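Work through the exercises below with the sequence and the model open, and try each task before reading its solution.

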Amino acid sequence: MSSAPERDTTFNNPVIPGFHPDPSVCRAGEDYYLACSSFEYFPGIPVFHSRDLVHWTQIGNALDRPSQLRLPPGTPASGGLYAPTLRHHDGRFWLIVTNVSGDGNVLFTATDPAGPWSDPVRLPGVHGIDPDLAWDEDGTCWCTVAGVSQVRIDPYTGETLGEPQRLWSGTPGAKAPEAPHLYRIGEYWYLLIAEGGTERCHGVSIARGRTPNGPFEPCPDNPILTHRGTEHPIQNTGHGDLVQGPDGSWWMVFLGVRPRGGTPGWHVLGRETFLAPVNWTDRWPVVGEVSPVMAAPPWPLEEPAARPVRDDFDLSELAHYWISPRSRPAEHCTTKERAGWLSLRARGGSLDDPEVTLVGRRQQHHSCRTRALVDPAEGRGGLAVRFDEEHHYEIETADGEVRVLARIGPLRSVVASRPVAAGPVVLRIDTAVTREVTEARQGPDTVSLGVEDAKGTFDVLAALDGRYLSTEVAGGFTGRVIGPYAVAGTVHVDWVDHEEVPD
Ligand code: 6LW
């Protein structure tokens with residue numbers, strides 16, 4: 001008789017690695033859905049599904065058409081779409097988010113969170129970022145924003161009903177009370193916020209009241225989550241959202257970063273989504289210990305979805321994880337021009353420009369390998385690691401030559417070049433995390449860029465310090481994105497491999 005399958009006793013944190021910040025989670029029956037910020041990238045607001053809160057599969061991007069998301073060329077890196085809130089209410093899914101470079105606060109609905117989502121309902125009377133939605137027993141909808149203030153809205157029309165009022169601004173002296181989420185749990189309304197700023201002082205605090213409008217009494221043990229001032233390998237923890245597990249227990253998703261290297265430590269993957277258990281004492285939440293490897297929750301974990309290394313571009317639509325800066329017009333990015341290939345037609349911009357033709361995916365592992373078979377016969381392009389327009393490394397090919405270029409702030413350099421045989425070429429970028437810090441100023445990783453010959457030998461043209469493609473250097477709210485691009489003519493890409501290389 002076959003024995004029962006071994007149950008997972010642990011899970012890895014982050015549960016959604018790579019640049020997936022500001023997570024908002026909701027439960028619908030036995031299904032869980034989660035959405036994250038996406039800033040200047042199109043499509044925007046990745047949506048994930050899980051049955052166990054641990055294994056998440058991207059099922060779409062909520063804003064995947066220009067009528068939902070306009071990010072003009074003037075949208076700055078880390079502008080665009082800030083923190084969303086995702087909720088399930090009255091038989092439908094609701095997503096509210098701030099486009100800081102466009103229409104401000106906008107609200108979308110869907111019957112299926114995989115999409116399609118509606119066109120936006122604008123909320124011109126709601127001022128502030130990090131909008132939250134909560135409904136009280138009589139169906140009144142409250143919209144709460146960073147600061148923290150609240151206004152009643154009609155979620156169907158976007159109309160504000162009454163004047164905004166200030167609720168609670170967090171711990172006296174703590175900066176940036178933001179990311180509010182309001183919950184009715186038992187006899188209390190709980191107001192969860194982030195405070196301290198999204199950097200190393202980040203934390204989660206909570207208050208409770210008898211009505212959705214307060215007054216709110218702060219938890220005596222605030223912050224209920226922070227790693228500020230610790231050696232913890234997961235830093236900047238904050239921006240949480242609470243959800244009940246399948247067994248009625250409570251859990252919190254939140255953002256964190258994993259700095260690497262010497263001091264001050266550099267995080268290259270952006271702010272990632274983590275999970276922690278929550279218990280209750282005296283009707284206050286107590287967040288459990290957070291670690292890179294966590295004890296599994298007390299219910300069976302699903303088999304994680306297979307993640308193929310190779311994307312062959314055999315489908316008419318791109319996989320959900322491919323994103324582009326600000327826009328991705330079909331005439332510049334298509335798999336319909338050459339069957340089984342991705343064709344990238346340059347828009348005249350380079351990686352230094354806001355509207356470069358680039359299709360990238362979030363780097364999700366500190367040590368990883370990305371390879372692409374690129375045919376430059378009709379143009380110039382290659383494979384890039386992008387942080388933003390001022391911070392990127394790329395291996396580029398055209399006219400029988402490959403070259404490595406680096407952009408670091410005001411500095412731009414052709415780091416290396418060499419001739420290459422005409423025809424399609426395998427371009428490769430490896431990132432290798434700094435395993436052992438032997439001196440204070442050591443960077444977080446090394447980014448090696450080169451070509452691969454027919455035998456798979458990696459011919460490295462340049463090995464560059466990865467600190468310059470990190471948030472601590474580049475600034476902002478995103479993380480590394482890796483993928484093919486075109487800067488002249490049309491470049492065809494047969495496949496892209498992206499895989500973790502065990503540390
Ligand atoms: C987001 C705010 C924050 O709106 O950073 O970490 C901003 N928290 O809540 C962008 O992610």
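**Exercise 1.** How many nonpolar, polar and charged residues does the shell around the ligand have?

*Solution.* The model is a predicted one, in which local features need pLDDT of at least 70, side-chain atom pairs count only at pLDDT 80 or more, and totals for chains, interfaces and linings use all residues. Residues are numbered from 1 along each chain as its sequence is written, and side-chain values use heavy atoms, with hydrogens and water left out. By class, the shell has six nonpolar, three polar and four charged residues, where Asp, Glu, Lys and Arg count as charged, Ala, Val, Leu, Ile, Met, Phe, Trp, Tyr, Cys and Pro as nonpolar, and the others, Gly among them, as polar.

**Exercise 2.** Find which polar side-chain atoms lie beside oxygen atoms of the ligand, and then consider how much of the ligand the protein covers.

*Solution.* Begin with Asp22, which has a polar side-chain atom 2.4 Å from a ligand oxygen; for Thr198 the corresponding distance is 2.7 Å, and for His239 it is 3.0 Å. The protein covers 98% of the 290 Å² of accessible area that the ligand has on its own (Shrake-Rupley method, 1.4 Å probe).

**Exercise 3.** Describe the hairpin of β7 and β8.

*Solution.* Strands, taken as DSSP runs of E with at least two residues and numbered from the N terminus, pair if DSSP finds at least two bridges between them. β7 (residues 85-89) and β8 (residues 92-99) pair in the antiparallel sense over five bridges, and His88 has Phe93 in β8 as its bridge partner. Two residues stand between the strands, and Asp90 takes a positive phi near 60°.

Definitions and conventions: Polar contact = N/O pair within 3.5 Å; in protein donor to acceptor, adjacent residues only side chain to side chain. Helix = DSSP H or I, 4+ residues; strand = E, 2+ residues; numbered from the N terminus.
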